[in-house]
Amino acid sequence: MIYDFSPSSEIESLVDANAEHGGQQDEHKVDLSIPQVLPVLPLRNTVVFPQQIIPISVGREKSIKLIEEALSDNKLIALVAQRDGKVENPQADDLFRWGTVGSIMKVFKMPDGTQSVMVQGISRAAILEFTQVEPFFKGLVQATQESESNGVDIDALVGNIRTLFEKIVALAPYLTPEHVMLVGNTDSPARLADLIVWNLNIATSEKQSILELVEVKERLERLTYLLTKELQILELGSKIQSEVQGEINKTQREYYLREQLKAIRKELGEGEDERTAEINELRENIKKAEMPEDAEKVALKELDRLSKMPPAAAEYTVARTYLDWLIEVPWRSSTDDSLDIAQARQVLDEDHYGLEKIKKRILEYLAVRKLKPDMKGPILCFVGPPGVGKTSLGKSIARALGRKFIRMSLGGVRDEAEIRGHRRTYIGALPGRIIQGIKKVGSNNPVFMLDEIDKVGQDFRGDPSSALLEVLDPEQNFDFSDHYLEVPFDLSKVMFIATANLADPIIPALRDRMEIIELPGYTDQEKLSIANRYLIPKQLAGHGLTSEQLQFEDEATMDIIHSYTKEAGVRNLEREIASICRGVAREVVEGREEQAVLTPAQVGDYLGAGRFFSDVADRTSRSGVATGLAWTAAGGDILFVEATRMPGTGQLMLTGSLGDVMKESAKAALSYIRSKSTDLGIESELFKNYDIHVHVPAGAIPKDGPSAGVTLLMALLSLLTDRKVRSDVAMTGELTLRGLVLPVGGIKEKVLAAHRAGIKHVVLPEKNRQDFDEIPEIVRDELKTTFVREVEDVVKVTLSRSARKNVS
């Protein structure tokens, strides 16, 4: 066995002697009595066996001290392998509990201060305990006596091991035929196992498993398993090498033929034409694109087809366009995320006022992204009324993250190919807008906004919502397949943000894949802050004005909010501010030099008469009218329910574009009143001799839902008892025939609408109490709120106590 460890001739002679005797020293067997306590030398990635002579490089200070003491004593040491060779300063637990007692034969001091120690293994030994740790390890050792075993089973194992080893030598480059001779000349089964193991290139733990087996039969069986495993690995590696070599030979043959073709063209004076240059350029661009293996294979196959087509062929342009798309798609190009949470918070605050829930979600994503860089992008859906900043918030998120931004409007999209692209069999086929957008920004991890996802349609060309199921599923979009590309593209790094005015129109399967975050409408105070921080400076700059030429008083801005807009967002507010800026800009151009300070009295000069006013008190000044709260796509709103009676036969008429659910609520309210007529002081003859007509104004607008049940009841009760409903009270809640008030949705939007309309007192179901906490504190402080469980509670706080005499 040949070692390459030192140029010293003396060491080389020792190694040669070891090789000549198969690594065994029968003729020069060391006969030493082994003490019970020996110095323990930790070895990195090395296991020493009995009778093995091996050079060991010693460089640790503790190990050098150990060698020096052993040389001054009996030269015996225990050689024990470390469990992890990377540990620089091993402790007792880092060492195996079996090793080999060895004798120091020679020590060579190297120029760099290290030592090369030639040791010979003597006997296996168990380390019973460590008696010393500093300045080096000492341990209580128990040496084992090597015993020989004979028998048919031993002979069979030895024969099988020799055969396996010969096969391994034929495949392993680190073994030579001399090793076969060494094994063949070794008669002892025990030493045969040790000899083969220390020559194999296997893990330290596997060599250690052989060292710890004292019984020869068990050792041979374990060695048979290791040899079989190593042979399988080598055979598999040889197979792979043969396949790779065959591919290399094929590539070399193609290269040789191409070079010959170039030489022939050169001799003919043709040179390399433009088409060849084009093909070579495409081939180079495919390599630079860093495509996945599957995509690159498809691209090279298409390039091979292109190289054989005449340029005039119709397919040539199609294939060339397809290759250009494959090359230009950003397979591995991405932007680095800005993970500074403080900076991201600053960017979000600069662009938007409020919206704390969404800002908190984005900052949480950044924090997790910082802890786990390979996390998948979130899929969010912002649901809220128009004008609250859903789309602009997407741009702000992209700026905070340092990513590219793509916006795709889904309103009115009815063709599935808009998402997945067209197949290349069609003339003018292109990828879908998902791939087009990613290619346009040149990054595979942009912020991708899917605007108005609730307005996606469907027709005979397919269902885009179903196509979006794959796009917006984190468990599938890593392998998104566009019909045009026909190779998978990874969308898992993209941060998708969808926007919608309503969540209900979104198909349930698609809604389930997104994290819904609701954006409610703004309060008047929030609108004022948004106008002062964002809208007014933006419109001043957009109209060429400065703050020295025009200033808005807060009272004037509030007058615009109350009298000229009626919305949950701020889009119309911005339009009105722009109208005032245009008027002032005209005055500046006409020669006005003094600063214009807009006061409430001047608002009408620029915008005309106010368009909205509160008529709650006027409309509820009579009995039979109640104020309710409604939720719409544009946010919350108030509605009036009017009831009147006339002589008739006891019929109930319902008008105002009411839906089936709302009609049923009115019938349930009347049934409850009739069942409680005696308690409520209503004459039963009234229901037989009079018809009742219930109307909800704004008849052109469809209305439906159960939340107006309480309002319908109070309007009817007010009519029949001739007691007015308080003008400063608005209510919402579903009614049951037993008089219970059930919870409803949209509480935040409804309460904000009541606040905008000047309502001072709202009546809500008791089970909606937890929803009330989401309402801004400034609104909660200005509104009186009563939570009710039954109709009796509603009557107490809404109907006036005095009643006129009933008309029968």
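At 22% relative accessibility, Arg-424 counts as partly exposed, because buried means under 20% and exposed over 50%. This value, like the others in this report, comes from a predicted model. Arg-424 forms a salt bridge with Glu-302, with the closest N and O atoms 3.8 Å apart. The pair links distant parts of the chain, 122 residues apart: Arg-424 is in the loop between α14 and α15, and Glu-302 is in helix α9 (residues 293–308). Glu-302 is buried, at a relative accessible area of 7%.

## Other salt bridges

The structure holds 29 salt bridges. In one of them, Asp-153 pairs with Lys-217, the closest N and O atoms being 3.2 Å apart. Asp-153 lies in helix α3 and Lys-217 in helix α7, so this pair ties together parts that are 64 residues apart in sequence.

Arg-399 and Glu-350 also meet through their side chains, at 3.4 Å from N to O. Arg-399 belongs to helix α13 and Glu-350 to helix α11, so the pair ties together parts 49 residues apart in sequence. Salt bridges that share partners join Glu-302, Arg-305, Glu-315, Arg-424 and Glu-486 into one network.

## Helix α12

Helix α12 has 16 residues (356–371) and should span 22 Å at 1.5 Å a residue; its end C-alpha atoms are 23 Å apart, which agrees. Its buried residues include Ile-358, Ile-362 and Tyr-365. The buried residues of α12 pack against α11, β7, α13, β12 and β13.

## A nonpolar surface patch

Leu-236, Ile-240 and Val-244 form a nonpolar patch on the surface, with about 260 Å² of accessible area together. Leu-236 is found in helix α7 (residues 216–267).

Methods:
Residues numbered from 1 in each chain as written. Predicted model: local features only at pLDDT ≥ 70, side-chain atom pairs only at ≥ 80, totals over all residues. Heavy atoms only, no water. Patch = residues over 30% accessible without salt bridge, like charges linked within 9 Å, V, L, I, M, F, W, Y side chains within 5 Å. Areas by Shrake-Rupley, 256 points an atom, 1.4 Å probe, with all protein chains shown as cover. Salt bridge = Lys/Arg side-chain N within 4 Å of Asp/Glu carboxyl O. Helix = DSSP H or I, 4+ residues; strand = E, 2+ residues; numbered from the N terminus. Expected span 1.5 Å × (residues − 1). Buried < 20%, exposed > 50% of the residue type's maximum accessible area, 1.4 Å probe, protein only. Contact = heavy atoms within 4.5 Å.
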